[in-house]
Amino acid sequence: MTALWWQTAVIYQLYPRSFQDTNGDGIGDLKGIERRLDYLTSLGVDAMWISPIYPSPMVDFGYDVADYCGIDSRFGTLADFDKMLAQAHARGLKVLLDFVPNHTSDQHPWFAESRSSRDNPKRDWYLWRDPAPDGGPPNNWISDFGGSAWKWDAPTGQYYYHAFLKEQADLNWRNPSVQAAMYDIMRFWFDRGVDGFRIDVLWHMVKAADFPDNPPNFDYRPAMGEMNRVLQLHSTDQPEVHGIAADMRAIADRYGADGQGERVLIGEIYLPVDRLMHYYGQERAGVHLPFNFQLIDAPWEARSLAKLIADYEAALPAGGWPNWVLGNHDRPRVATKRGQAQARVAAMLLLTLRGTPTLYYGDELGLSDVAIPAAQVQDPRELREPGLALGRDPVRTPMPWDGSENAGFTKAKPWLPLNADWPTRNVARMAEEPHSILTLYRRLLAMRRTHASLSIGDFALLDTECDLLAYERRHGAERLIVALNLGTQSQRLKLPDWASNCRPLLSTLAAAAPAGDGALLLRADEGVILSPE
Ligand code: GLC
Ligand code: CA
């Protein structure tokens, strides 16, 4: 196969507020991203996805967009963006923006118009409904951040729907004018040279036309957060969303022939695998990569991971390219969930499975969730449903760059506290350490570049037992074995005949134990990449 750039690429998700501040306000900015581009190239990633940078009241930290075609002044200007983009491209780095089409800020001019009267031409751009007969909300849909998903608007005597905060009003994607306006926005950024979009909550975009009640979730426990009281059967994942995804793809594809390479669309979709697969498209192509989040929540256990990987591979439609994710700005960090030792094994897994990996900033340092004192909590999710560990501030803390003041992130007070271990867990220091997790990430990323089997090769699980997960990657004459010990006991892996003389290319621990006698002994928490001699 001839691989496309987004198939061999490793994507780096960066949370702009927390990457690098340059003007001393404690908040990261575009100039800061530009300053750190050489870090990204030296790390060895190919593309970055930047969480939203558009003008926003920041009630949901940029996922409440008030103007899709601008840059929030806290991050800089359009000129800063153009410069950063040009600098990224000059280094061969692709840039993906975060597109938030499901909802706008309540401060967006469209919503102001829509809200102004029932007969405003933009009334139907959002989801307005009459009250239920008792005057309450039109149905039982619950916001993902808790509480009814309907907000009463007294001046016009109707409710509007918001899947997230009341400051994030859902657009009516059944309205062709909304579609046209949003597609123009995609073109605006493609014309500026962006290489693609991560599409926020793609599976939320269309709701059942008649707004029936969602069914109760009998497995609901309060610790899950209120959104789980009901199953989001009618409020998400409606068949019409695939037409929209296909339209977006067609727009992206029209740019693909201009010499810059394909413009890629990545859909944020939290659904079971069988539903997820529809987002690759059916008659018409859908998004290139429907995000596969399974590794984030799966039990860290070799047998069930092997099954999960096999089932995902088997479920992929013809031509559907896989992808894998260990963390993002909404979910606990991998080092917190799996521990430091297994975070290294997880790194090897992420970067050697078949498909495009997305790496969350800071995970290459083994950054953990940072406990945020109650008085410093910023995330609306935590503020609305405190104490359930649903808050996302802990995974959005500043990038620790070096041993200087505030870890080199800012000269002011950072908007969220740094990780307490920043004096040792920072880029400058770990880059010098031959066995740091950062060095491991760099070596893994370098190995992906020099071994095509790791990026585009075939994938086959090996028969293993207990805590071992092992697989073969093969491309042409190149065959590699990846063996991961997810447990705390050493494990013996019997090697297939063709690999009986394998030698380790890379271990997650210091020096790898040599293979011998057709078998490999993996130490506790060790992952190894092996190549036949
Ligand atoms: C997505 C984003 C999340 C945001 C939500 C609403 O899930 O990743 O951060 O709060 O959408 O836009
Ligand atoms: Ca700043």
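Is isoleucine 27 buried or exposed, and what is its relative accessible area? Select it: isoleucine 27 is buried, at 11% relative accessible area (buried means under 20%, exposed over 50%, partly exposed in between, with a 1.4 Å probe and protein chains only).

Before moving on, a word on what's loaded: this is a predicted model, where local features need pLDDT of at least 70, side-chain atom pairs count only at pLDDT 80 or more, and totals for chains, interfaces and linings use all residues. Residues are numbered from 1 along each chain as its sequence is written, chains are lettered from A and ligands numbered from 1 in the order written, and side-chain values use heavy atoms, leaving out hydrogens and water.

**Stop 1: the calcium ion**

Now click ligand 2. This calcium ion is held at 2.3 Å by Asp21 (OD), Asn23 (OD1), Asp25 (OD), Ile27 (O) and Asp29 (OD). Donors here are N, O and S atoms within 2.8 Å of the metal (3.2 Å for Na, K and Ca); water is not among the atoms, so sites may look incomplete.

**Stop 2**

Next, colour by strand (DSSP runs of E, at least two residues; helices are H or I, at least four, all numbered from the N terminus). Eight strands make an open, parallel sheet, ordered E11-E10-E9-E3-E2-E1-E13-E12. At the edges, E11 (289–290) and E12 (323–325) each pair on one side only. Pairing takes at least two DSSP bridges; E9 (196–199) and E10 (264–267) have four. Zoom in on glycine 196, opposite valine 264 in E10.

**Stop 3: helix H14**

Finally, select residues 437–450, the 14 residues of H14. Its buried residues include Leu440, Tyr441 and Leu444.

Methods: The expected span of a helix is 1.5 Å times one less than its number of residues.
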